[in-house]
Amino acid sequence: MPNIVAIYKDFHPKGLNIIGISLDKDAVKWKDAIAKNNLSWTQVSHLKFWEEPIAIQYGVQEIPTMFILDSSGKVITKGLTGEALRSKIKELLSK
């Protein structure tokens, strides 16, 4: 998560928004992880693990899975991590 926190810090002022969808089952552990990892963006969960409706809707098969969506909700890409994720976000925000 440190990479995502750094990306958010760098690009949120330029328009990046993140929504974290958790597949946790335990609310206390989920909230502790948010605090421990300094996740300051919106976090949601139904605490249904693999039965999480958004995970089902987007076909999530592994944790974590990253999606980049445009402002209309269309998936631009998924599965990017590290520098590839940072580069794609930088490219999209520069348009």
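**View 1. Lining of the largest pocket in the predicted model.** The residues that line the largest pocket of this predicted model divide into 29 nonpolar, 8 polar and 3 charged, where Ala, Val, Leu, Ile, Met, Phe, Trp, Tyr, Cys and Pro count as nonpolar, Asp, Glu, Lys and Arg as charged, and the others, Gly among them, as polar. A pocket is here an open set of points, on a 1 Å grid over the protein atoms alone, where a 1.4 Å probe fits, with protein on both sides within 12 Å along at least five of seven lines, and lining residues have an atom within 4 Å of a point. The largest pocket has a volume of about 1400 Å³, a volume being the space filled by probe spheres set on the points, which are joined across faces, edges and corners. Of its 40 lining residues, I18, I19, G20, I21 and M66 are the closest to the centre. At least two lining residues come from each of α1 (2-11), β1 (19-21), α2 (27-36), α3 (53-57), β3 (67-69) and α4 (82-93), and α4 gives the largest share, 4 residues; helices (H or I, at least four residues) and strands (E, at least two) are DSSP runs, numbered from the N terminus.

**View 2. The second largest pocket.** This pocket holds about 200 Å³ of space, and among its 16 lining residues P64, T65, M66, L80 and T81 lie nearest the centre. Two or more residues of this lining are given by α1 and by α4, with the largest share, 3 residues, coming from α1. By class, the lining has 7 nonpolar, 7 polar and 2 charged residues.

**View 3. The salt bridge between R86 and D10.** The side chains of R86 and D10 meet at 2.9 Å, N to O, in a salt bridge (a side-chain nitrogen of Lys or Arg within 4 Å of a carboxyl oxygen of Asp or Glu). The pair links distant parts of the chain, with R86 in helix α4 and D10 in helix α1, 76 residues apart. R86 is buried at a relative accessible area of 18%, whereas D10, at 36%, is partly exposed (buried means under 20%, exposed over 50%, partly exposed in between; 1.4 Å probe, protein chains only).

**View 4. The salt bridge between K88 and E91.** A search of the whole structure finds 2 salt bridges, and one of them joins the side chains of K88 and E91 at 3.5 Å, N to O. Both residues lie in helix α4, 3 residues apart, about one turn of the helix. K88 counts as partly exposed at 22% relative accessibility, as does E91 at 37%.

**Notes to all views.** Residues are numbered from 1 along each chain as its sequence is written, and side-chain values use heavy atoms, with hydrogens and water left out. In this predicted model, local features need pLDDT of at least 70 and side-chain atom pairs count only at pLDDT 80 or more, while totals for chains, interfaces and linings use all residues.
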